[in-house]
Amino acid sequence: MRADSYRRLSKLLMLLLMLVGSNSSIAETTNLSAAPNQNNRPTDTILIAVASNFANVMPDIVSRFETQYGHTVRLSFGSSGKLFAQIRNGAPFQAFFSADQDKPEALVKAHLAPADSRFTYALGVLALWSKEAGVVDPQGQILVQRQYRTLALANPRFAPYGVAAMEVLQRLNVQRQSNIKWVMGENIAQTFQFIATGNADLGFVALSQIYKDGKIQRGSGWIIPNHLHSPISQDAVILRKGKDSQAIKAFMGFMKTDTARAIMRSYGYQQAIE
C-alpha cells in the first residue's frame with residue numbers, strides 16, 4: 001500500500017515539475033516577443049545621385065544619418081548634367097542633389113519627381129585655387145594680369161559651377177583673352193584634379209573642395225564674391241522611384257536639421273534652408 005502511494009506521489013510531483021517548466025518557457029517566450037528591440041528597426045538601402053561639388057560633404061552627412069537611423073545610403077557622384085540625363089533615361093536613383101535649380105525643376109515638370117519634395121539645401125560658393133602657396137592672390141588679380149599658363153574650369157554645358165566660372169570671367173572682362181588657356185573638366189571633381197595634379201596652374205573649384213573649418217586647407221585661393229556670378233542655388237528632389245520610401249523621406253528631413261547644416265557650413269556652404 002505504501003509502495004503504491006509512493007509511486008502515485010512521485011508521478012504527481014513529476015507532472016507538477018513538467019507543468020511549471022512548460023509555463024516558465026511560455027512566459028519567457030512571450031516576454032521576449034513583447035519586449036521592444038531598438039536595434040532591430042526596419043532598415044533600407046537607398047540610392048542617391050549627388051553633384052560632384054558635394055562629394056566631400058555628403059559622406060559626412062550620410063555617416064551621421066546612418067548612425068542615427070540605421071539605413072544604408074549609397075551615393076553616386078557626377079556632374080549635375082550627366083546625372084540628370086541618367087535619371088531621364090531610367091537610372092534607379094531615389095533622390096537627386098543637384099548643383100543648380102533648373103534640373104530638379106525640369107524633373108518635376110517631366111513628372112519624374114513630386115513637386116512638394118523639392119527644396120534648396122545649400123548655396124554654393126566658387127573659389128579660384130592653386131595647389132601652390134602664394135600663386136592666387138586674395139583679390140584674384142592673377143586673372144586680370146593673366147600670369148598663368150593654364151586655367152581649369154568645369155564644362156558649363158554640364159556643371160553649374162562652370163556656368164558661374166564663365167560669368168566671373170565675363171564680369172572681369174577676361175573671357176576672350178583667357179580662353180586659349182582653358183583646361184575644361186567634365187565636372188567640378190575632374191576640374192579639381194587637373195589643378196591638384198599640376199595639369200593646370202590654377203582654376204575654378206567649389207569652395208567645399210579646398211575649405212574646412214574656417215580656412216583653405218592648402219595652396220592659395222580667392223573666395224569669389226557672390227556679386228561676380230549668379231547665385232549657385234542647389235536644389236534636391238525626391239525622384240519617382242523613391243517617393244514611397246520612408247528611408248528617403250527620413251534622409252531628406254535629416255538634410256534640414258541643425259546637424260546637417262553645421263556640416264555644410266564647415267565646408268563653406270552658405271545656408272539656404274530656413
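## Tyr121 and its contacts

In this predicted model, the side chain of Tyr121 makes a polar contact with the side chain of Gln234, at 2.9 Å. The side chain of Tyr121 also reaches the backbone oxygen of Ser98, at 2.7 Å.

Tyr121 is part of strand E4. Its relative accessibility is 0%, so Tyr121 counts as buried, the cut-off being under 20%. Tyr121 and Ser233 are 112 residues apart along the chain, yet 8.1 Å separates their C-alpha atoms.

## The nonpolar core

The largest nonpolar core contains 56 residues. Ile61, Phe204 and Phe251 have the most contacts inside this core. Domain 1 (45–124 + 232–267) and domain 2 (126–223) both contribute residues, so the core lies between the two domains.

Phe251 shows what such contacts look like in detail. Apart from neighbours within four places in sequence, Phe251 is in contact with Ile46, Ile48, Met58, Ile61, Val62, Phe65, Val73 and Phe97.

## Helix H10

Helix H10 covers residues 258–266, and its buried residues are Ala260, Arg261, Ile263, Met264 and Ser266. An α-helix has 3.6 residues a turn, so residues three or four places apart point the same way.

Several elements cover the buried residues of H10, including helix H2 (58–69) and helix H9 (246–254). Strand E4 (119–124), which holds Tyr121, is also among them, as is strand E9 (211–212). After H10 comes Gly268, with a positive phi near 95 degrees.

## The five-stranded sheet

An open sheet is built from 5 strands in the order E7-E6-E8-E5-E11, and its pairing is mixed. The edges are strand E7 (182–185) and strand E11 (220–223). Each of these has a single partner strand, so one side of each is left without a neighbour in the sheet. On average, neighbouring strands of this sheet are turned by 30 degrees against each other, direction ignored.

Strands of a sheet pair through backbone hydrogen bonds, either parallel or antiparallel. Strand E6 (residues 151–154) and strand E8 (residues 202–206) pair in the parallel sense, over 2 bridges. Ala152 has Gly203 in E8 as its bridge partner. Helix H8 (residues 188–196) packs on the sheet and touches strand E5 (126–130), E6, E7 and E8. The direction of H8 makes about 145 degrees with that of E8.

Conventions
Residues numbered from 1 in each chain as written. Predicted model: local features only at pLDDT ≥ 70, side-chain atom pairs only at ≥ 80, totals over all residues. Heavy atoms only, no water. Core = buried A, V, L, I, M, F, W, Y, C linked by side-chain atoms within 4.5 Å. Buried < 20%, exposed > 50% of the residue type's maximum accessible area, 1.4 Å probe, protein only. Domains from an automatic or database assignment. Contact = heavy atoms within 4.5 Å. Helix = DSSP H or I, 4+ residues; strand = E, 2+ residues; numbered from the N terminus. Pairing = 2+ DSSP bridges. Axes fitted to C-alpha atoms, helices over the stretch in contact; angles between N-to-C directions. Polar contact = N/O pair within 3.5 Å; in protein donor to acceptor, adjacent residues only side chain to side chain.
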